[in-house]
Amino acid sequence: MAHRDPRDDIRNYLARPGARAMKPQALAKKLGVKKKRMPEFRAALDALIAAGEATMSADGGVVHLTAAPGMVVGVIKRIASGAGFLIPHQPADAAQPVRDVFIAQEDLHDAHTGDEALVKLLKRRRAGGQRCGRVEEVLVRASNHFVGTYFEQNERCWVRVDGNTFTAPILVDDPGAKGAQPDDKVVIEMLRFPTHYRAGEAVLTEVLGPRGEPGVDTLSIIREYELPVEFSEEAHEEARLAAQHFDGERHDDRLDLTRETIVTIDPADARDFDDAISLSREKNGHWKLGVHVADVAHFVPEDSALDRDARIRGTSVYLPQRVIPMIPELISNGLASLQQGKPRYAKSVFIEFDPAGTPLHSSFANSVIQVKRRFAYEEVLPVINDPERHKGRVPAKVRQLLARMHELAMILRQRRRRKGALFLELPEIRVDFDKDGRVIGAHEQHHDESHQIIEEFMLAANIAVATKLSDLDVPFLRRGHGEPNPLKLQAFANFVTALGFKLKNPQSRHELQAIIDQVAGAPLERAVNYSLLRSMKQAEYTAIDTGHYALAEDDYCHFTSPIRRYPDLQVHRLIDQVVTGERQARGPGMEELVRLGKHCSVTERRAADAERDLTKVKLLTYMSERLGEELEAIITGVERFGIFCQGVEIPAEGLIHVSSLPADDFYDFDQTTFSLIGRRTGREFRLGDKLRVKVAHVDVDRRELNFSVVAVSPVNARRRGDSSRRPSDGKQRRGRADGGDRKKGARATKRGRRR
C-alpha cells in the first residue's frame, strides 16, 4: 500500500463485482497490508467510515462499501402488502438524501424488515418517478430468531410470527420435542426464510407459555429482541468479591464530601440512583455546581467479566414491571447506587458559572459522598413553591439547596434557548397497574420543572466532560446528532405552513423553536413535534466529531448514567485518568470506538423498541377487553388510507380506515392541508380535530388497533365553500368501498429518539 492512498485500495477491493462484506482484519490480509502499515490502514478505514463511504455492522466486524454504480446498500422495510422498500444508507456529506427504492414482493426474495441488503436498481419506475429495485444479496440479517403463536392445521404445524415481519405463517418441524400446544407462545429459529414463491421453515427452540398468561407477554418481548438476561457466573463472582471488599468508610485517596448537602431526584419507582447534586453560591455571585455520578468504573474494571457482560448489553432495559440491568444488581442497586444516608464512591464534576449561567471553569475528582435526601420528582416543586410549609419534614439546608437548584437550572435553560437549543415536548406513555399487576389504564408522562432541573445539570456535566476530553485531544465516544438534511427541514416547513404557521427559514433553530412554542398545549402539538423529530437525524454514539444539533453544542458525550449506559462507563475511565494525573489519557483507538459506537447505538435502539413494544402489547391487551367502548380521541395523522387517532383519557393510538368513515360520502385526500374531505358534505378530518370513536378491532399479536367514528365535533362537520374540492393528486377514497389495504398503517410508526 506504499506510495498510494490506502483508501483507494479499500474502495477498489470492496467495490469489485461480487465482493462480499468482511471483517477489517480479513480485509487487511486480502490487501496484503504489512504489520507496520496497519495503523495507516485503520486510519484509512476510519476515514471512509467517517465520510459515509463505508459502514461497520453492529456485530463488530462486517464492513461494506457504498455499492457500485447501479447498486444500492441499505435496510429493508416490508409493508403489509408484501412489497417493501430499501432505505439507503446516507453518505455523511450528501447534498440531498438518496430516495427510498421500491421493491416488489417477487423481487424481495428472502429479505425481510431490518435486513441489510444489496439492491440492484431496475429500469422501471413507479408513478411519481420512484426507482424500483431487486434484492441481490442479504448482507446482514436483522435476526434469525422470532416469537409467535403456535397452531396446527391440515396435520401440519405452524407459527404465526408476531408483528408484521412475515405475512404468512412459518412451517415448523417436530414441535412435539418441546411440548408445544396450540395457542402457545414459542420461539423459532429460521432455517429457510420465506419468499414470494415458498413458505418459510423454522425449528421451534422454546415454548414460552400459553398466550395471554401473566408474564408471557414480557417473556415474548425479551425473546423477540434477544435481550440478554442472565449474567455469567464469573460476573456474579466478581460482583460478590467487590461487595466483600467495599468499605465506604475508607477513602483516603478520595475527596471527602460526606458532610456536604447533596440530594438525588429520580422517579418515584427508581431502583438505581446514579447521579446526585450539590450547589453553592459564592460571595461574588458565582455558582458552584457539583454533579456527583456513581463511580461504577471502580467496581467494573476494564476487560473484567463484569465489563464484558455490560458491554454486550450496552444498556439497561426498562420494561413495564421489569428491569434488565446492564450490571448485576448487587452493584447497580447496591454498591454503586447513591442511596440516601450511605457513603458511596462517585466521580464528581464541579462547574463554576457566572451569575448569567456562563460556564467559567470545570474540575473533576474521585470522591465519596453521602446523600442527605432522596426526592421523587413529584416531591420537589411543592418544597420549592412553598418551603415554609415543609419546615418540619425537610431540613433548612435541603430546602435552600432546592431553591438554588431551581434558580440556576432556569437560568441555564434560558441560556440554552438563546443559544439555539431545541425543546421538543415528547411525552412517554406509561401503563398503569393495580397491586396484582393487572393493567388498569395508561397515561402520558410529561416533564415539569423538577425534571428540567436534573436535565439541565446532567447536560452541563456531560458538556464539561466532553469539552475537557476534546481539549486534551483524546478520542472518546461522543453523543452525536448531525445537522438535518435541508430538504427534510423544507418538507417540515411545508407541513407546518399547510397547518397555518409561518416558517420562513427552516434552517433557523430559533424559528423552529418558535413553532414548537406556538403549538405547546394545543391539539396539533403532538403532530408538529413528531414531524420535526422525523425531520432530524437520529442521535447516536460515535467517535466522529459531528456536534449535537438539537442541543446546539459542539462537544457532547454521555457521562452521568454509568449504571445503565455503557458509553458513560467508557467515558468514566478516561476521566479517571484525568483525575489521577496521567500525562496522556489513553482509551480505545478510533477503529474500536467506531465499532463500540455502532454497537451501543444498536443496543440503545433495541432497548427503546422493546420497551415501546411491550407497552403497546400491554395497552392493546387492555383495549382488547373493551371492544365496542367509546372514547374521545384526537387526530394525530392523516393518510390516503385513513386517519390515526389517539385517545384522550387512554393514550392508545389506532387507525380509522377510510372505509370506516361515515358512509354517506366519498372522501378525498388533500395533501396540502393534510385532511380527508367529504366530497358531498364538505366534512373534514384534519390533524388536531377531536372525534368520538369506538374500539372496533384489536389484534395484539400484530400490534393493531382500529377505531370507528361515533361522532364528529361541529368543527369537523362544517361545510366548505367549495365542497367539491379535489385533492392535489386527483385521487379519491370512498367511505365504504375502494379503501385499499385495511391492514396498511394499522400500527403507529415507531418513534422515539433519545438525546
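Visitor: What makes strand β19 (residues 343–353) count as mostly covered?

Guide: Ten of its eleven residues are buried, and buried means under 20% relative accessible area (1.4 Å probe, protein chains only). By the way, this is a predicted model, where local features need pLDDT of at least 70, side-chain atom pairs count only at pLDDT 80 or more, and totals for chains, interfaces and linings use all residues. Residues are numbered from 1 along each chain as its sequence is written, and side-chain values use heavy atoms, leaving out hydrogens and water.

Visitor: How do you know that β16 and β19 pair?

Guide: Two strands pair if DSSP finds at least two bridges between them. Strand β16 (residues 287–294) and β19 have eight, in the antiparallel sense, with His292 opposite Ser348 in β19. β19 is also joined to strand β20 (residues 359–370) by eleven bridges, again antiparallel.

Visitor: Why is the contact between Lys618 and Asp217 called a salt bridge?

Guide: The term asks for a side-chain nitrogen of Lys or Arg within 4 Å of a carboxyl oxygen of Asp or Glu. Here the N to O distance is 3.2 Å, so Lys618 and Asp217 qualify. Lys618 sits in helix α16 (residues 590–624) and Asp217 in helix α4 (residues 216–224), so the pair ties together parts 401 residues apart in sequence.

Visitor: Is Lys618 buried or exposed, and how do you know?

Guide: Its relative accessibility is 8%, so Lys618 counts as buried.

Terms used
Buried < 20%, exposed > 50% of the residue type's maximum accessible area, 1.4 Å probe, protein only. Helix = DSSP H or I, 4+ residues; strand = E, 2+ residues; numbered from the N terminus.
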